[in-house]
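Please view the sequence and the structure together while reading.

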Amino acid sequence: MAAHEGPISTTSAASSELLQKLTLILPKGISFKIYHLSTPPSRTSAIYSAPPTARPDRTYCESHFLAVSIQTRSADDGAEPVDVLVYAIEILIYSTAYDTTLFVSKADSTGYLHLLDLPRGTPSPIRAISVAFLKHLLERHQRPNIQSVVSLFARAQDQYLFPGSIEYSGKHVLDDRGLVRWWCRVLDPLIQQPEVSTRGMKHWDKVLGYLIIPGLDSHETRSYVPRSTASGTQWTIGHPLQEISHHPGDVPPRCLIPHFPDDPKARFLDELDDEITKGEGRMNGRWKSVKTIDQFWDMMAFRQECSAGRMVGFIWIVFKPYKAQSANEGIGDSQSTVVTDDQSSLPRSQNSNFLPVTPATSFTTSSQTHPQDPTTMSTEDVILFTSQQTIANPTPCMTAKKKKPKLTGPIIPREPRIKTQNKNYLIDIPETTAYYHWVSSGRGQVIVDESDYKRITELLLRLDFANLELTTSSTRRWVNEVRSGASGSMGEAWGQTVTGTSIFESPSATSATGVNTLSVGLVKKKRKGLEDPTNSKSAESVRETAPAVNVLGASMIRKKAKV
């Protein structure tokens with residue numbers, strides 16, 4: 001943060017609710033350090049393309065980065081415990097007036113989790129942390145009558161966030177098929193939601209999971225879905241892009257497909273959009289080669305990332321709210337209200353001719369409001385109408401700048417104001433609007449802006465995690481870099497220790513109670529030295545009566561004559 005005049009972060013308390021959830025699911029007596037970094041909601045480009053007659057949805061993006069470390073003996077002397085990063089996950093939250101989308105951007109591990117020497121059969125802490133983090137963000141960003149969607153694509157890669165970690169022998173990388181199954185098991189607990197959330201409001205009317213793997217039919221894809229009786233019927237083989245879209249009627253397929261960063265389908269989407277700019281589909285927004293959304297997924301199977309032995313799984317978890325139909329009724333009013341609030345900050349001369357445009361408003365001339373005919377107005381209305389037109393279209397005499405008076409007299413210097421503390425202007429934004437929900441309990445331990453967030457994550461991508469010594473130094477450098485930019489309680493809250501309280505039964509203890517083992521006294525073995533006399537006599541008679549080996553005589557062999 002040396003490039004700034006001062007640290008941009010101010011006092012912030014970490015979310016105690018997330019720490020409490022992690023305490024209940026982590027193994028008993030095992031300590032982890034949690035690092036949660038986030039950004040405030042900022043205006044970004046829409047993830048869905050707008051139809052030709054509509055404008056793109058106003059979209060806000062919020063980034064969350066969660067890192068987990070453990071304490072182990074250093075590789076040099078082994079006397080003092082050191083912190084080692086073992087897992088990290090990045091989630092991007094896109095919020096509009098219609099929905100909230102949680103996109104799992106990256107997740108990676110270093111392979112040093114085995115240094116904890118957990119008992120055999122203990123569930124993976126990485127899976128438990130991922131589920132708890134997603135549940136926490138879902139609850140903190142839930143809005144009434146607004147649907148939420150968790151989206152990700154599973155594609156195996158050696159290393160996503162920790163460079164050099166593939167060189168460590170303790171890291172086990174799953175293949176494409178194993179990674180798709182792993183993410184389905186991670187997201188499966190999200191479908192089993194309680195009736196009432198911790199905030200006192202009802203969770204969801206319906207929660208459904210969707211899985212599609214380009215190149216595989218529905219029968220083959222079904223094998224990747226968890227076989228649990230509770231949520232097995234709530235998984236659908238396919239995609240929910242048409243169900244979660246708020247565009248009514250038959251819209252082009254490009255308006256249904258989200259555009260996420262580093263997404264295989266987003267790269268294919270960009271190539272197909274070139275057909276619109278160069279072809280005849282500029283007006284209707286339709287591709288020339290791909291006509292429907294189902295044909296888009298069929299063509300995805302021939303992409304390089306989804307063929308030649310590779311496989312990519314696209315997963316969605318859709319959370320339908322109660323009374324979802326009333327959500328679209330007040331969207332136009334809410335957006336108009338927000339736009340009107342923005343107008344209040346403008347001068348009246350710029351504000352008189354401003355027309356709030358919602359996504360449902362067309363850009364054609366027929367949709368614009370026209371002034372009323374002055375001949376049909378009363379005398380008072382004509383005077384009011386004339387004054388409004390004068391303010392909207394001032395004459396050149398009115399717009400002429402007034403001549404500033406000449407300043408005279410002694411110059412009184414202004415005393416300088418000493419800056420005693422750093423103010424974080426990032427948190428001086430509304431917590432709840434028609435487009436996002438940003439409560440204090442859903443923020444990270446340290447809040448930074450988008451530029452510093454990218455710099456911090458890019459620093460992690462330039463470090464080395466090839467062995468324990470390099471991982472220790474890389475962890476120390478990354479943690480101290482974030483802490484140096486925080487001030488007040490933010491720096492103190494960065495990296496809070498969580499000790500698990502969950503008790504897991506070992507598989508040996510459970511299997512011993514379920515299998516009936518015969519005692520030693522009930523097992524009778526045959527002695528080798530003793531033989532049954534009746535059986536020995538019968539065996540000798542069989543040997544005597546048994547014919548010897550049949551050997552053909554010389555006269556029975558006929559040789560072929562040589563010619």
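Predicted model: local features only at pLDDT ≥ 70, side-chain atom pairs only at ≥ 80, totals over all residues.

The surroundings of F32 can be listed in detail. When residues up to four places away in sequence are not counted, F32 touches L26, P27, V68, S69, I70, L113, L116, P125, Q496, T497 and V498.

## The largest pocket

The largest pocket has a volume of about 950 Å³. Its lining consists of 39 residues, of which S109, I126, H172, L174 and W182 are the closest to the centre. Two or more lining residues come from each of strand 4 (81-95), strand 5, helix 2, strand 6 and helix 3. Strand 5 contributes the most, with six residues.

## Cavities

The structure also contains three cavities of 30 Å³ or more. The volume of the largest cavity is about 60 Å³. Its lining is formed by Y48, D57, T96, D99, I244, S245, H246, H247 and C255. Sorted by class, this lining comprises three nonpolar, four polar and two charged residues.

C255 counts as buried because its relative accessible area is 1%, and the cut-off for a buried residue is under 20%.

## Cysteines and disulfides

A disulfide is a covalent bond between the sulfur atoms of two cysteines. How many disulfides does a search of the whole structure find? The search finds zero.

C61 has a relative accessible area of 10% and is buried. C255, with a relative accessible area of 1%, is buried as well.

T101 is located in strand 5. Is T101 buried or exposed? Its relative accessibility is 3%, so T101 counts as buried, given that buried means under 20%.

The contacts of T101 show what surrounds this residue. Apart from neighbours within four places in sequence, T101 is in contact with I47, L92, I93, Y94, V149 and F260.

## Positive phi angles in two loops

D117 is not a glycine, yet its phi is positive, at about 55°. This residue lies in the loop between strand 5 (99-109) and helix 2 (125-140). D117 is exposed because its relative accessible area is 65%, and exposed means over 50%.

N145 is also a residue other than glycine with a positive phi, in this case near 65°. N145 is placed in the loop between helix 2 and strand 6 (147-154). With a relative accessible area of 27%, N145 is partly exposed, since this class lies between the cut-offs of 20% and 50%.

Definitions and conventions. Residues numbered from 1 in each chain as written. Heavy atoms only, no water. Disulfide = S-S within 2.5 Å. Buried < 20%, exposed > 50% of the residue type's maximum accessible area, 1.4 Å probe, protein only. 1 Å grid on protein atoms, 1.4 Å probe; cavity = no way out; pocket = protein on both sides within 12 Å on 5 of 7 lines; lining within 4 Å. Points joined across faces, edges and corners; volume = space filled by probe spheres on them. Nonpolar A, V, L, I, M, F, W, Y, C, P; charged D, E, K, R; others polar. Contact = heavy atoms within 4.5 Å. Helix = DSSP H or I, 4+ residues; strand = E, 2+ residues; numbered from the N terminus.
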